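Visitor: I'm new to reading protein models. Could you walk me through one?

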Amino acid sequence: MSAYVISEVDVKDAAGFEAYRTIAAKAIAQYGGRYLVRGGAAELVEGGPPPKNIIVVEFPSMSRLREWYGSPEYAEALKHRRTALDRRLMFVEGVPPS
């Protein structure tokens, strides 16, 4: 069953964010992930507060997603994340195949 990383990002340092994003994208692909949403326009329809930059990544399974998150490849990206951006990060299981 697919699993998703949903991230709401507030960029603090554009150059650092670009370094993070480049390294993270390679690690995501290496672990079978793919971007579904990557910072496109977001419209708030109900509730609040207004959305920041939204990123959604799909992985083939929750176990594969967790392998990516704990990987040495992604650890390199996290070195940049700490100073480049603030975020909320969620892992969500998808719907089982019918």
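Visitor: Is the crossing of α1 and α3 left-handed or right-handed?

Guide: A crossing is left-handed if the near helix is turned anticlockwise from the far one by less than a right angle, and right-handed if clockwise. Here α1 and α3 cross in the left-handed way. The contact (heavy atoms within 4.5 Å) involves residues including F17, Y20 and I23 of α1 and Y74, L78 and H80 of α3. By type, the contact residues of α1 with α3 split into 10 nonpolar, three polar and three charged.

Visitor: At roughly what angle do the axes of helix α1 and helix α3 cross?

Guide: Angles run from 0 to 180 degrees between N-to-C directions, and over 145 counts as roughly antiparallel. The axes of α1 (residues 14–30) and α3 (residues 72–84) cross at roughly 155 degrees and come within 8 Å, so the two helices are roughly antiparallel.

Visitor: Is S7 buried or exposed?

Guide: Buried means under 20% relative accessible area, exposed over 50%, partly exposed in between (1.4 Å probe, protein chains only). S7 has 5% relative accessibility, so S7 counts as buried. You'll find S7 in strand β1 (residues 3–11), touching N53, I54, I55, R87, R88 and L89, leaving aside residues up to four places away in sequence.

Visitor: What is the mean pLDDT of the protein chain?

Guide: pLDDT is the predictor's confidence in each residue, from 0 to 100. The chain's mean is 95, with 100% of residues at 70 or more. This is a predicted model, where local features need pLDDT of at least 70, side-chain atom pairs count only at 80 or more, and totals for chains, interfaces and linings use all residues. Residues are numbered from 1 along each chain as its sequence is written, and side-chain values use heavy atoms, leaving out hydrogens and water.

Definitions and conventions: Helix = DSSP H or I, 4+ residues; strand = E, 2+ residues; numbered from the N terminus. Parallel < 35°, antiparallel > 145°, perpendicular 65-115°, else oblique. Nonpolar A, V, L, I, M, F, W, Y, C, P; charged D, E, K, R; others polar.
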